[in-house]
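Hello,

Here is the structure we talked about passing on.

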Amino acid sequence: MTIDLARHPLTHWTGPLGLPAFETITDADFGPVFNAALTVHQAEIDAIANNPATPTVENVLAPLELAGEALGRVSAIFWCKAGADTNPQIQAMEREISPKMARHFSAIHMNAALFARIDALYARRDTLGLDAETLRVLEKTWKRFVKSGAKLDEVSKTRLGAINEELASLGAAFGQNVLADEAGWVIFIDETDLDGLPDFVRDAMAEAAASRGQEGRYAVTLSRSIYEPFTTYSTRRDLREDAWRGFTSRGGKSNADLVTKTLALRAEKAKLLGYESYAALKLDDTMAKTPEAVLGLLEPVWEKARARAAEDQRELERLAREAGANEPFAAWDWRHYAEKLRAERYAFDEAELKPYLQLDRIIEASFDVATRLFGVTFEEKTGIAAWHPDVRVFEVKNPDGSHRATFLADYFNRPSKRSGAWMSSLQSGFDLGDGQPPIIYNVMNFAKPSKGEPALLSMDEARTLFHEFGHALHGMLTEVTWPSVSGTSVSRDFVELPSQLYEHWLTVPEILKAHAVHYRTGEPLPQDLLDKMLAAKNFGQGFATVEFTASALVDMAYHAKADAPADPVAFEAATLKRLDMPAAIAMRHRTPHFLHVFSGDGYSAGYYSYMWSEVLDADAFAAFEETGDAFNGAMAEKLKTHIYGAGGSKDPEELYLAFRGKMPTAEAMMAKRGLV
């Protein structure tokens with residue numbers, strides 16, 4: 001069957017706001033369209049590679065950047081579905097298409113004729129009179145090809161291509177195994193088992209049970225929106241333990257062998273490309289540059305966090321003894337007694353806050369901040385089909401009312417969605433050629449409320465919404481010419497700056513006062529509750545910093561050595577023992593379910609990036625605080641120009657200096673966390 005890519009709904013988008021016509025797309029469409037789009041992309045690459053004319057920006061760089069439009073479109077829809085609303089047919093296609101795509105792009109990067117033209121253009125770069133953005137794109141393109149094997153001999157190219165294919169297959173399988181464990185694990189309990197649980201937890205568990213055919217019962221699931229409040233408030237220690245063990249063992253039976261193979265292949269890939277380790281390969285084009293620089297950040301933080309966690313644990317053990325607990329203090333006790341300690345120290349129970357954090361009002365708050373800072377406005381468009389009925393669609397407009405972007409948001413947990421929260425794009429924004437506006441989406445995993453009730457968020461969930469919307473703004477406010485440096489196409493340890501910085505505006509008092517209103521009475525958040533919340537903002541940072549930093553240190557330990565460990569699970573245990581990891585705290589992401597690192601390549605040797613960016617975001621928000629106005633217009637304009645709008649058009653350090661005038665130290669970050 002011949003596929004007409006110019007007319008097919010996967011590649012020719014005719015829906016409102018430039019969206020795909022999702023209602024006309026079926027899962028069976030993906031395979032044939034992928035094959036046709038791959039063929040067309042290869043023909044476009046061959047035309048660039050075999051052009052006999054002298055290499056120029058116009059006949060090499062520009063067509064290379066614009067090539068593969070059809071493949072990009074079908075890929076964007078497919079990977080969105082694979083993460084947010086998968087099924088056995090999509091998963092089977094994922095296992096097939098992942099190595100096929102790896103093979104396709106390996107062949108492009110190792111195409112000798114194509115690289116010869118890029119290399120010739122790169123050699124003349126200083127004589128071409130290029131503007132700064134174009135020069136950076138040329139330099140990054142040349143380096144990407146070299147790091148992808150363009151200079152290897154044919155035998156090494158063949159081996160590298162095979163490694164890339166196998167890594168793609170392993171990553172797809174890893175993610176699917178974690179999703180299967182999360183979707184398949186559930187404990188159904190009854191009214192008699194709910195002691196200690198606030199109404200919002202009971203409601204979420206009732207909805208989760210009903211959606212699984214257990215109307216009238218309550219479901220403990222591994223969704224963070226249920227797992228974390230359940231282990232915080234439930235008085236049933238046995239059930240807390242069951243939930244903790246289920247949560248920390250995800251992927252344990254199926255992913256150990258995949259991790260072993262993945263680490264071995266990554267180490268081999270680094271050696272083929274001439275790097276001392278896989279971490280050295282991954283960090284080469286980041287702000288950190290070397291594993292030593294990463295450890296120079298993480299290790300001092302680790303020592304301070306471990307000391308703070310030890311102090312907190314002594315207090316938690318005291319509370320447990322006072323409550324009559326005779327068992328040794330364990331990991332499934334931490335959240336439960338931490339909430340009691342917070343109440344003792346600050347007379348603050350986070351459950352008091354939740355009725356004021358309605359999902360719809362927090363969405364409005366995130367939009368309000370963007371309007372105050374950047375002048376953009378948001379208008380919800382109903383009746384537009386997306387990949388799932390839960391998805392909401394918004395048009396984003398410039399201050400003059402013109403169209404800037406389309407934003408989609410998929411907020412609720414379901415078994416067909418992988419865990420976590422993320423931002424991605426159906427379409428990035430750029431000006432090259434005919435240009436195109438951004439189509440950006442956020443995916444969350446909040447508990448779906450019972451019918452007729454509003455969704456209520458915890459403070460952590462509200463921060464997550466702001467965090468991912470910060471990423472979305474990075475994509476939507478982009479002002480670049482070249483697609484490869486659009487939006488979030490920046491170094492991994494800079495990409496978290498716009499998202500983590502945006503979280504700060506959630507707790508600006510005027511934002512909370514405007515949008516945190518009680519879902520039943522409409523009363524604004526009381527000042528005394530706001531004061532308690534702000535006073536307690538650094539509570540528990542020992543625990544939070546330990547669980548994060550342990551994950552980042554284990555990630556770096558895996559990848560900073562020349563040779564991969566033969567037994568990664570044993571290596572994880574040995575690394576934690578060397579670090580003197582507190583027994584009552586688990587890594588935020590244990591190896592068998594560390595999706596950031598093993599479900600694809602995105603954050604491998606890069607999980608530290610959140611903390612590296614946090615050093616920047618603490619200093620960046622201080623720039624506003626120093627003016628006495630969280631929405632200072634001059635600072636907001638600089639923030640938009642140099643951070644949210646600039647994408648990867650300049651070196652990240654240059655962008656940050658243009659915004660702030662100086663580079664920060666880690667002290668501000670540790671002070672923000674209350675560790676100094």
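**Aromatic contacts**

One aromatic cluster is formed by F367, F378, F394, F407, F466, F469, Y502, W505, F621 and F624. Keep in mind that this is a predicted model.

Across the whole structure, the search gives 38 aromatic pairs. Take F367 and F407 as one of them. Their ring centres are 6.3 Å apart and their planes meet at 80°, so this pair is edge-to-face; the cut-off for that class is over 60 degrees. F367 belongs to helix α16 (residues 359-374) and F407 to strand β5 (residues 403-412), so the contact ties together parts 40 residues apart in sequence. Both F367 and F407 are buried.

Next, look at F548 and Y610. Here the ring centres are 6.3 Å apart and the planes stand at 85°, so this pair is edge-to-face. F548 sits in helix α21 (residues 541-559), while Y610 sits in helix α24 (residues 609-625), so the pair ties together parts that are 62 residues apart in sequence. F548 has a relative accessible area of 8%. Y610 has 17%. Buried means under 20%, so F548 and Y610 are both buried.

Two arginines are also worth a look. R73 places its charged end over the ring of W13, at 4.5 Å from the ring centre. R492 lies over the face of Y603, and the distance to that ring centre is 4.1 Å.

Best wishes

Notes. Residues are numbered from 1 along each chain as its sequence is written. This is a predicted model: local features need pLDDT of at least 70, side-chain atom pairs count only at pLDDT 80 or more; totals for chains, interfaces and linings use all residues. Side-chain values use heavy atoms; hydrogens and water are left out. Rings of Phe, Tyr and Trp (its six-membered ring) pair if their centres lie within 6.5 Å; planes under 30 degrees apart count as stacked, over 60 as edge-to-face and the rest as tilted. Helices (H or I, at least four residues) and strands (E, at least two) are DSSP runs, numbered from the N terminus. Buried means under 20% relative accessible area, exposed over 50%, partly exposed in between (1.4 Å probe, protein chains only). A charge sits over a ring if NZ of Lys or CZ of Arg is within 6 Å of the ring centre and within 35 degrees of the ring normal.
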